[in-house]
Every structure is written in C-alpha cells, then in structure tokens.
Amino acid sequence: MSKKIISILLSVIAVLSCVFPVNAFASVITETTQGPADNVFFTSSLAPYYEFNSKTADGAFYIPGLNNAVSYNSEFKCYSSNDTMVPQGMCIAEQYTLITAYDSDEAAKSVIYVLDFNKNLVKTLILPDSYHVGGIAYDTANKLILITKGSKCEVGAISFDDFLRYLRFNSPFIKINYTISESVSNLKATSASGVTYKNGRVYLTAFGSGSTSCAYCYIPYYDAINNTYYLTYQYKFSLPNYTQGITISSYKEKTRLFVSVSYGRSESKNIYCSYLYTYTFDEITGSKAFDNILTCPPMLQQTYCMGGKLYCLFESAAKLYKSENKNPVDVVIPIALSKICDEKQGNNINISVKNVADGKYVSINTNIIGASIYYSSSMPYISKNKVTNAYKYSKAYTKTASGMVYAVAVLDGRIVASDAVYITVSKAVAPGKPKITAKSSKAVNISWKTASNVSGYYVYRSTSAKGKYTLVGKVKGNKGKFKDKTVKSNKKYYYKIKSYRNGYSNSSLTSYISVTTKKS
C-alpha cells in the first residue's frame with residue numbers, strides 16, 4: 001500500500017475519531033444519559049421536607065450525567081464515559097438550559113449539559129478545565145455565556161454565536177474552548193464559586209463563612225474589536241455563610257435576591273445545612289432586606305428564575321454524595337415564586353413577635369407533630385445528628401436588642417422547616433435626673449423631667465450609691481412623679497429612674513439622687 005493511501009486513511013481515521021471518538025476503557029462510548037439516578041426516588045426524598053414540598057410547582061426535570069456522562073480524559077487523552085460528574089451551576093441562555101458539572105475524580109474535563117426548550121439533553125460541551133468548574137450565567141446584553149472557574153477568580157466567556165456553532169456538530173458531545181479573553185485586573189474577589197447576571201450587572205459569589213461570604217457586583221463591558229470581556233468593580237455585599245450561588249429576578253415590581261446556602265455532605269455525617277434565603281434587593285447599592293427562608297433537601301446548589309418559578313439544582317444524587325444522603329435529589333425542582341415571596345414566613349414553623357414593656361416578646365410554634373424547635377441569632381445546622389449553634393425552645397422570651405431570630409423544626413434528625421425574622425428593638429428615651437420634692441419619716445416624694453413617647457417609668461432604690469438597686473415602683477403613663485411609702489425613718493436612700501416603652505428596650509438608668517428620711 002502506498003504511503004499516499006496510508007496517509008489518506010490515517011487522515012480519515014483522525015476525522016472519524018473526532019466525530020466518533022474511541023474510549024480507551026470501553027469498546028463503545030454511550031451518550032450522556034438523562035434520567036433517574038440509580039437507587040434514587042426523589043418523591044420520597046422530598047417527603048420529609050414539608051415546607052419545601054408544599055411550595056414545589058410543575059416542571060421538574062432530570063439532571064443529566066448522574067449515571068453516565070461523556071467527557072475527555074486528560075491523562076489518557078481520549079474521550080471516555082464516567083459516572084463521577086457532579087452538577088454545579090445552572091442558567092437559561094435564550095431557549096436553552098445550561099448545567100455545569102465537574103468530575104469528582106479530577107480525571108475528566110468539566111462539562112456543560114445543554115438542554116432544549118423541553119428540558120431534553122441535546123449536547124454535552126466539554127470544557128478545557130479539569131478542576132472544579134462552578135457557576136454559569138448568561139449576559140443577555142452582550143450575548144455571552146459566563147462560567148466561574150472553581151476556586152480561581154476567573155470567569156470564562158463563550159459567545160452565544162460560538163455556542164450555536166458547537167450545537168451544529170453531529171456528535172452528541174464536543175470539546176470547546178472559551179472564545180473570549182477576559183480581563184481580571186479589576187476583580188476584587190479572591191475566589192468565585194457562583195455567577196449571575198441581571199440588568200447590566202454581573203455578580204460573583206464567594207463561598208465561605210463570616211466576612212468571606214459575600215457577593216461582588218461588576219459592570220461588564222465587551223470589547224468586540226479585541227474580543228475581550230471586562231468587569232468593572234462596583235461594590236460588594238454580605239451573604240449568609242456557605243452561599244453556593246445567587247439569583248436576581250423581578251417579581252411583582254420588586255427585585256428579589258435568592259440565595260442558595262448549603263454546607264456538609266449529608267444529614268448523618270459532618271455539618272449539614274441547606275436553605276434558600278429570599279431578600280428584596282437594590283441593584284444600585286447592593287442593600288437588601290430579609291424576607292423569607294426555606295429549609296431545603298441536602299446540597300442545594302444554584303438556582304434560576306423563569307415563568308414565575310425558581311428552579312433549584314441539587315448535587316446530592318451524584319455518585320460522590322449519593323450513598324451519604326438520606327434524601328438525594330436527582331431532578332431540578334421548580335418552586336412557585338408566589339409561595340416564597342407572598343406567603344407568610346414559615347409555613348410550618350412560625351415566629352410571632354409582640355410588643356412588651358422591655359422589648360419584643362418572641363414566641364415560636366410549629367404544626368409538625370413530634371418536632372422540636374430550636375432558635376438562635378444565626379442559622380442552626382445539624383452536626384453529628386445534633387442541632388448546633390442554637391437553643392432548644394421551651395417558652396416565649398423577651399428580646400431586648402435588635403437582631404435576627406432564626407427558628408427551625410427538627411424531626412428524626414432533620415431540619416424540616418425554618419423561619420427567620422429581623423427584630424428591631426430601639427431604646428426608650430431616658431428621663432431627666434430625679435429630684436426629691438418632699439420627705440418624711442415614712443415617705444419620699446420624687447419627681448423627674450419626663451421623656452417623649454414613653455409608656456411609663458421604673459423607680460429603683462438602693463442603700464448605697466454603688467450598691468444593688470431594687471425596683472420599688474412602676475409609674476404608668478407619662479407622669480414624672482412617684483411617692484415611695486416603703487422607707488424607714490432616719491435612713492439614707494439612693495434613687496434612679498428609667499423609662500420603658502412597649503416594643504422598645506428600657507432606657508438606661510439615670511444618675512442617682514440621695515435623700516435621708518426624717519426621724520420619727
């Protein structure tokens with residue numbers, strides 16, 4: 001056979017291997033599958049989460065790649081099938097739903113699953129990255145698909161025109177590249193786990209706790225001539241601990257911020273928490289007002305809004321985590337926005353607040369039979385089958401300072417419902433320093449300059465200037481005088497006053513005034 005013929009044959013084989021690549025580990029590469037994960041029944045997984053289950057809507061669809069996915073093995077330099085992909089991010093790009101996934105074994109490249117309008121898998125796009133690719137978003141103004149590159153603070157960009165060209169390939173899977181250069185000179189974040197786009201702004205989220213859990217807002221600019229994408233920093237704002245991603249959407253003429261929070265692999269090991277926070281949000285300043293919180297099944301990742309629904313992606317049915325979870329979820333689940341934006345907070349657990357003389361009276365109840373209630377100033381979570389970072393609730397209590405109150409209902413070692421509310425407790429205005437207006441051997445008359453907008457006053461007494469002051473009288477209404485009839489003759493007393501107002505914490509005590517009663 002001539003060298004020319006051999007060369008032609010080799011070229012044909014090379015072309016065919018791109019369209020029909022050969023797997024080094026199997027004689028046939030099956031396509032990425034989309035269907036129920038092995039040994040997972042998501043309806044039973046949702047059943048323990050009463051509140052979450054009550055808010056779901058029609059339109060759930062299976063997450064691709066949980067049983068089998070095609071990617072590219074970097075070590076062996078070939079396409080291969082695997083069952084170790086972990087779903088991470090999700091967005092809508094025109095009529096397509098895009099879901100990112102990475103290989104938990106770190107052998108295969110990260111991928112984007114492309115689903116059509118009917119949520120059927122049509123293509124697997126294989127990215128050039130082998131590490132933990134995370135969030136994905138669609139810049140509708142510039143028509144660019146944005147992808148965060150794991151722990152790196154980088155955002156890969158692919159033009160939608162190039163994306164459509166990739167879809168025209170006959171093969172159900174294809175290797176792709178980021179087609180637009182990105183300038184990272186003005187990024188303030190040190191890591192980027194999630195990304196979202198809304199109204200001409202790009203938001204990057206950083207996974208962490210405390211001050212490291214925050215989002216960064218940027219104004220994007222696409223230089224089409226130089227094919228470069230720039231992000232100009234605007235501001236940052238705090239997020240709950242262990243935020244996986246955020247979604248910003250308009251609902252009933254308000255901008256809503258949905259924050260997906262998750263930490264820990266399962267409900268039986270390590271630390272476990274999974275929540276969806278809802279805020280009203282100001283895109284100009286990044287300020288937000290807390291609105292609602294929803295307990296979710298384990299390992300909630302990113303979300304997106306469409307058609308009055310918030311679609312929730314979970315990674316709990318991935319092979320890496322499935323065996324450790326009591327309730328793995330292998331579908332993207334839509335929640336009705338009306339049920340998380342309009343309904344009263346805490347459908348199955350409720351925090352009630354009423355005004356009392358020295359602050360807010362907080363009572364918590366649940367309609368879940370057999371559930372225990374825990375509360376805290378920050379969100380409780382499950383650690384080694386115990387509720388951590390919380391107090392067990394037994395009776396109502398008075399809150400005397402502003403701050404959050406979180407409450408959860410726990411049943412069978414799971415947090416099945418939650419509620420949270422920010423309580424504002426201001427201080428009552430203090431009265432003026434008391435004066436002695438009259439005294440005898442059996443009584444002392446005291447007066448003071450009244451304060452504005454108070455419900456009344458408490459009168460305290462001691463037998464030494466720095467001693468313990470004991471409550472000896474309560475004056476209802478805005479009256480600035482009190483007669484102490486419990487004194488003894490020829491004895492020195494010290495008095496202090498403070499005001500109270502229903503719904504406010506008590507004012508500070510005034511400085512003291514002293515008096516010695518007359519001899520009998």
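How many of the ten residues of strand β32 (residues 414-423) are buried? Select residues 414-423 and colour them by accessibility: eight of the ten residues of β32 are buried, and the strand is mostly covered. Buried here means under 20% relative accessible area, exposed means over 50%, and partly exposed lies in between, with a 1.4 Å probe and protein chains only. Strands are DSSP runs of E with at least two residues, numbered from the N terminus.

Before going on, note that this is a predicted model, in which local features need pLDDT of at least 70, side-chain atom pairs count only at pLDDT 80 or more, and totals for chains, interfaces and linings use all residues. Residues are numbered from 1 along each chain as its sequence is written, and side-chain values use heavy atoms, with hydrogens and water left out.

Then move to the hairpin of β31 and β32, where two residues lie between the strands and D412 takes a positive phi near 55°.

Now select N199, in the loop between β13 (194-198) and β14 (201-206). N199 is not a glycine, yet has a positive phi of about 50°, and its relative accessibility of 48% makes it partly exposed.

Finally, go to N453, in the loop between β34 (444-447) and β35 (456-462). N453, also not a glycine, has a positive phi of about 55°, and at 56% relative accessibility N453 counts as exposed.

Notes. Helix = DSSP H or I, 4+ residues; strand = E, 2+ residues; numbered from the N terminus. Pairing = 2+ DSSP bridges.
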